[in-house]
Amino acid sequence: MPIPKRIYQTWKTHNLPRGIDIVVRKMLDNNPGYAHYLYDDAEMTEFVHKNYPGKIGDAFDMLAIGAARADLWRYLILYKHGGIYLDIDAEITGKLDELIRPDDSAIITREQVEGLFNQWILIFSKGHPLLSDVINRCVRNIRKRSSNNILHLTGDRKSTRLNSSHANISYAVF
């Protein structure tokens with residue numbers, strides 16, 4: 001399944017600071033064929049409750065730290081719709097069409113730290129199995145209250161463990 005030309009971002013409100021607004025506009029100018037969706041905190045919560053009622057929505061509500069809520073939301077929105085999640089302050093100067101090939105189903109990027117993968121950009125097709133596994137592990141750990149460390153609960157340490165253990169799932173690393 002191809003990766004949809006949708007970019008998802010989140011910020012506490014729709015009123016972006018001037019510097020961030022400039023970064024977002026520049027990225028959109030470089031990628032005119034992409035739809036852009038900015039979710040504020042309330043819209044993020046509404047999306048999760050509408051699309052993932054029950055155990056997943058309850059786990060989302062258990063997260064008190066905004067960054068952890070954004071982590072889980074980015075997996076959920078990409079699983080539901082597919083597309084690109086990009087941190088609001090991340091600056092992309094190139095064209096996404098030059099990065100994403102028509103047959104790609106997922107693209108993840110390496111951190112500078114060996115064995116870790118970035119969370120500031122995630123690119124997935126709708127319903128990708130890697131996201132399903134990440135979501136299930138996050139929800140299980142949130143419900144068990146297995147850690148107070150966001151990196152281990154919902155962040156890059158959670159998805160990195162899955163990436164390295166799912167060699168049979170199609171994704172590209174750059």
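Predicted model: local features only at pLDDT ≥ 70, side-chain atom pairs only at ≥ 80, totals over all residues.
Reader: Why is I84 called buried?

Author: Buried means under 20% relative accessible area. I84 has 0%, so I84 is buried. I84 lies in strand β3, residues 83-86. Beyond its sequence neighbours up to four places away, I84 touches residues including P4, Y34, L96 and I121. P4 is 80 residues from I84 in sequence, yet their C-alpha atoms are 8.0 Å apart.

Reader: How do you know that β3 and β5 pair?

Author: Two strands pair if there are at least two bridges between them. β3 and β5 have four bridges, in the antiparallel sense, so they pair. Y85 stands opposite L122 in β5.

Reader: What makes β4 and β5 a pair?

Author: The cut-off is at least two bridges. Two bridges join β4, residues 106-108, to β5, so they count as a pair. These strands run antiparallel. A106 has F124 in β5 as its bridge partner.

Reader: Which way do the residues of β5 point?

Author: I121 and I123 point one way from β5, residues 121-124. L122 and F124 point the other way. All four are buried.

Reader: How do you know that the buried residues of α3 line one face of the helix?

Author: In α3, residues 55-62, the buried residues are I56, G57, A59 and F60. Seen down the helix axis, they fall within an arc of 160 degrees, so they line one face. Their cover includes α2, α4 and α6.

Reader: Which residues touch the most other members of the largest nonpolar core?

Author: They are F47, L72, W73, Y75, L76, L78 and F124, in a core of 31 residues. At least two residues each come from α2, α3, α4, β4, β5 and α6. The largest share, eight residues, comes from α4. Apart from this core lies another, of 13 residues, among them M27, I84, I92 and L96.

Reader: What is L78 in contact with, leaving aside neighbours within four places in sequence?

Author: Its contacts include Y8, I84, L122, F124 and L131.

Reader: How many aromatic pairs does the structure hold?

Author: The structure holds six.

Reader: Why is the pair of Y39 and W73 called tilted?

Author: Rings pair if their centres lie within 6.5 Å, and planes under 30 degrees apart count as stacked, over 60 as edge-to-face and the rest as tilted. The centres of Y39 and W73 are 5.1 Å apart and the planes are at 50 degrees, so the pair is tilted. Y39 is in strand β2 and W73 in helix α4, 34 residues apart. Y39, at 17%, is buried. W73, at 0%, is buried too.

Reader: What makes the pair of W73 and Y85 edge-to-face?

Author: The angle between the planes is 80 degrees, and over 60 counts as edge-to-face. The centres are 6.1 Å apart, which is within 6.5 Å. W73 lies in α4 and Y85 in β3, so the pair ties together parts 12 residues apart in sequence. Y85 is buried, at 2%.

Reader: Which residues form one aromatic cluster?

Author: The cluster is Y8, Y37, Y39, F47, Y52, W73 and Y85.

Conventions: Residues numbered from 1 in each chain as written. Heavy atoms only, no water. Buried < 20%, exposed > 50% of the residue type's maximum accessible area, 1.4 Å probe, protein only. Contact = heavy atoms within 4.5 Å. Arc of directions from axis to C-beta. Core = buried A, V, L, I, M, F, W, Y, C linked by side-chain atoms within 4.5 Å.
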